Amino acid sequence: MSRVLIPFPDLQPLAVDLAARLNARVAPVGWRRFPDGESLVTLDPQLSGVDVVVVAGLRNVDSVALALRFVAETARELGARSVGLVAPYLPYMRQDTRFHPGEAISAPIFARFLEQSVDWLVTVDPHLHRNPRLDGLFSIPTRHVAAAAAMAAWVQANVPDAILIGPDSESAQWVGDIAARAQVPFQVLAKIREGDRSVRVSLPDPVAARGRTPVVVDDIVSSGHTMIETLKHLATLGLPPATCLVTHAVFSEDAYERLLAAGAQRVVSTDTIPHPACNAIAMAPGLALACESLLAERTPSLVAP
Ligand code: R5P
């Protein structure tokens, strides 16, 4: 088999599904820490001439990044023909400008770190805001898998009378897309951020939302404040309890529990970040198509011109 998929531990279920779709052998990373905290990674040594696909969950990127680099470099040293990365959640994308004097602009720095490690990258719905395109940030080939079709299918199957609500103007791109695919209306709230953990929002046309079940859609829930403020605002309008639909369930600290406490009827996410209660939308099918297209670019055609 000329493809080997190397999953980091936390994304095993997604990786097994992906490996089956790519017809790849699975060779998990052996990863342990020495008493001083340094990492030792160990790979299957049979990598000569194969295309390696590393699958890494980067929710806790600061604790994984160095091991990821060790894995990629070691795979190459063991003879891998190519080393690609599937990172279903791409971190640091929100730090895409210098918000205060002297701050690091982390997004392009982290992009350079990844492209020094791997030959190509596949991710799901990166937070593209001031950097409108992934290939403007990376010089290696990249594919951006959109979760919109799968999220729209979930809405159609589970909340057919939905009105989708985007908590801020940045969300308009994916909320509008999902709403069009699910054939339901949507609105985008005005959002005023008053600090790291403080935002205020308002729905532009509450009358049009009556009789519909609100589904609040965002690409990332981190602290949960954006969603919670939205839930609180919707409650003041007398709408039924909202469902929260999120691509990347980052959930800092107890964000998931606080969403439920704030009145969310349920919280649903894709499986880009493992979460036992809310992962309901599988991204392996889309990731497999994206990997196939990148692997095909690296495979010389067997058909004579
Ligand atoms: C911001 O632009 C994103 O789309 C999310 O709305 C934001 O990252 C959510 O963060 P938090 O959960 O901390 O409010």
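Visitor: How far is an N or O atom in the side chain of Thr-226 from an oxygen atom of the ligand?
Guide: Let's start with the ground rules: this is a predicted model, where local features need pLDDT of at least 70, side-chain atom pairs count only at pLDDT 80 or more, and totals for chains, interfaces and linings use all residues. Residues are numbered from 1 along each chain as its sequence is written, and side-chain values use heavy atoms, leaving out hydrogens and water. A polar contact is a pair of N or O atoms within 3.5 Å (within protein, one must be able to donate a hydrogen and the other to accept it, and residues adjacent in sequence count only if both atoms are side-chain atoms). For Thr-226 and the ligand oxygen, the distance is 2.5 Å.

Visitor: What percentage of the ligand's exposed area does the protein bury?
Guide: Accessible areas come from the Shrake-Rupley method with a 1.4 Å probe; for residues, only the protein chains shown count as cover. Taken alone, the ligand exposes 370 Å². The share of this that the protein buries is 92%.

Visitor: Which residue puts a polar side-chain atom 2.4 Å from an oxygen atom of the ligand?
Guide: A residue is near a molecule or strand if one of its heavy atoms lies within 4 Å of it. Of the 15 residues around the ligand, those that come nearest include Asp-218, Asp-219 and Ser-223. Gly-224 uses a backbone N or O atom, 2.8 Å from a ligand oxygen. The polar side-chain atom at 2.4 Å belongs to Glu-170.

Visitor: Which element supplies the largest share of the shell around the ligand?
Guide: Helices (H or I, at least four residues) and strands (E, at least two) are DSSP runs, numbered from the N terminus. β11 (190-195), β13 (213-221) and α7 (225-236) each give at least two residues to the shell. The largest share, 4 residues, comes from β13.

Visitor: Which residue in β7 is the bridge partner of Gly-84?
Guide: Another open sheet of 6 strands has the order β2-β1-β5-β6-β7-β8, with parallel pairing. There, β6 (82-86) and β7 (120-124) pair over 3 bridges. In β7, the partner of Gly-84 is Trp-120.

Visitor: Which residue takes a positive phi in the hairpin of β3 and β4?
Guide: Strands β3 (30-33) and β4 (39-42) run antiparallel, joined by 4 bridges. Gly-30 has Thr-42 as its bridge partner in β4. The hairpin has 5 residues between the strands, and the positive phi, near 95°, belongs to Gly-37.

Notes: Two strands pair if DSSP finds at least two bridges between them.
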